[in-house]
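Reader: Could you walk me through this structure, starting with one residue and what surrounds it?

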Amino acid sequence: LRARVLAVLRRQFAAANAAGREADAEVERLAAELANLETKAAVGMRDSLQRSLRTAELRAAEIGGQLRELSGINLAALALANQRAVGRVVAFHGSKQAEGSGFAITASGYFVTSRGVVQPDRAVADSLIVTTAGERMRAVVIAVASPDSADLALLRLRDYRGAHIEDIDWSGSGAVQGEAVALIGFTAAGASSADAVFADTSLVVGTFTVTSEAIHFDGFGIAGSRGSPIFNAAGEVVAVKGESFRGAGGPGSAVRMKELIPLMPAEVKSELGIN
């Protein structure tokens, strides 16, 4: 298992390094073009190239910083410690089905995922199947955030005896601009059949972009599934992966874990020790 995790990480670091080399090459290309503009007639073009060069330099510096951040996290240990609490979610809507990821937050089987997984067409799923490492079970919907609020849903797994994630940032302060983060979830490319009894997780490394209103996750090399937990460098779950901006892949939105608190019944808050 550790060898598989390390192999995935090597591929993603290779993708990140390739992105860094491309960014550096773009800086060199633009700098060379700018140096060749010697006539006054080229003033407008020079200004445009200078702006493009500055953007390319910032991007190269950003990727370099991300790689330095990632090198300081024991990502293999993070994956091994938490992946058994993560499950693949299949929501059935008549003859249709939607898929995503989620994760258990209590020993009693309360389970977090994305609203878009259980309500892709704003209608609650007819049935839900969650598959973790070696266990396949039914789930019921406890609460779903309204469409104009956080992209979150809370489920309950029936007769759950599996692992749960204990280190969670309920304060909302754990998502930091530019910080290296890791996502554990299920990608479309790695999805098993809906009736499989074993779900094979993927680890996706990336960084956060944080604004006053939202946070975004940008992963290297592979896209993480909606509903997946996102961990910070301290090993805390700080957010849930939301909808991707470019279909199934690429950067996507993320929702801070504190946004889940209003959806929790009193018994869940009590089990978690949240007032």
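**Around a tryptophan**

Author: Leaving out residues up to four places away in sequence, W170 touches I105, M257, K258, L260, I261, M264, L272 and I274, where contact means heavy atoms within 4.5 Å. This is a predicted model, in which local features need pLDDT of at least 70 and side-chain atom pairs count only at pLDDT 80 or more, while totals for chains, interfaces and linings use all residues. Residues are numbered from 1 along each chain as its sequence is written, and side-chain values use heavy atoms, with hydrogens and water left out.

Reader: Where does W170 sit, and is W170 buried or exposed?

Author: W170 is found in the loop between β6 and β7, helices (H or I, at least four residues) and strands (E, at least two) being DSSP runs numbered from the N terminus. W170 is buried, with a relative accessible area of 19%; buried means under 20% relative accessible area, exposed over 50%, and partly exposed in between, with a 1.4 Å probe and protein chains only. From C-alpha to C-alpha, W170 and A239 are 9.5 Å apart in space and 69 residues apart in sequence.

Reader: Which residues have the most contacts inside the largest nonpolar core?

Author: Those are F103, I105, W170 and L260, in a core that has 31 residues. Such a core is a set of buried Ala, Val, Leu, Ile, Met, Phe, Trp, Tyr and Cys residues joined through side-chain atoms within 4.5 Å. Two or more of the residues in this core come from each of α3 (75-82), β3 (110-113), β7 (180-185) and β11 (237-246).

Reader: And what is I105 in contact with?

Author: If its neighbours within four places in sequence are set aside, I105 is in contact with Y110, V112, L154, H164, I165, I168, W170, L260, M264 and L272.

Reader: Why do V89 and A153 count as buried?

Author: V89 counts as buried because its relative accessibility is 0%, and A153 counts as buried because its relative accessibility is 0%. As for C-alpha distances, V89 and R136 are 10.0 Å apart in space and 47 residues apart in sequence, while A153 and G102 are separated by 9.4 Å and lie 51 residues apart along the chain.

Reader: Is D159 buried or exposed, and what is its phi?

Author: D159 is exposed, with a relative accessible area of 60%, and its phi is near 55 degrees, a positive value in a residue other than glycine. D159 lies in the loop between β6 (153-157) and β7.

Reader: Changing topic, what lines the second largest pocket?

Author: The lining has 14 residues, and the closest to the pocket centre are D151, A214, S253, A254 and V255. The largest share of the lining, 4 residues, comes from β12, and β9 (215-219) and β12 (249-256) each supply at least two of its residues. On a 1 Å grid over the protein atoms alone, a pocket is an open set of points where a 1.4 Å probe fits, with protein on both sides within 12 Å along at least five of seven lines, and lining residues have an atom within 4 Å of a point.

Reader: Last one, how many helices and strands are there?

Author: The protein chain has 5 helices and 12 strands, and buried residues make up 47% of its 275 residues.
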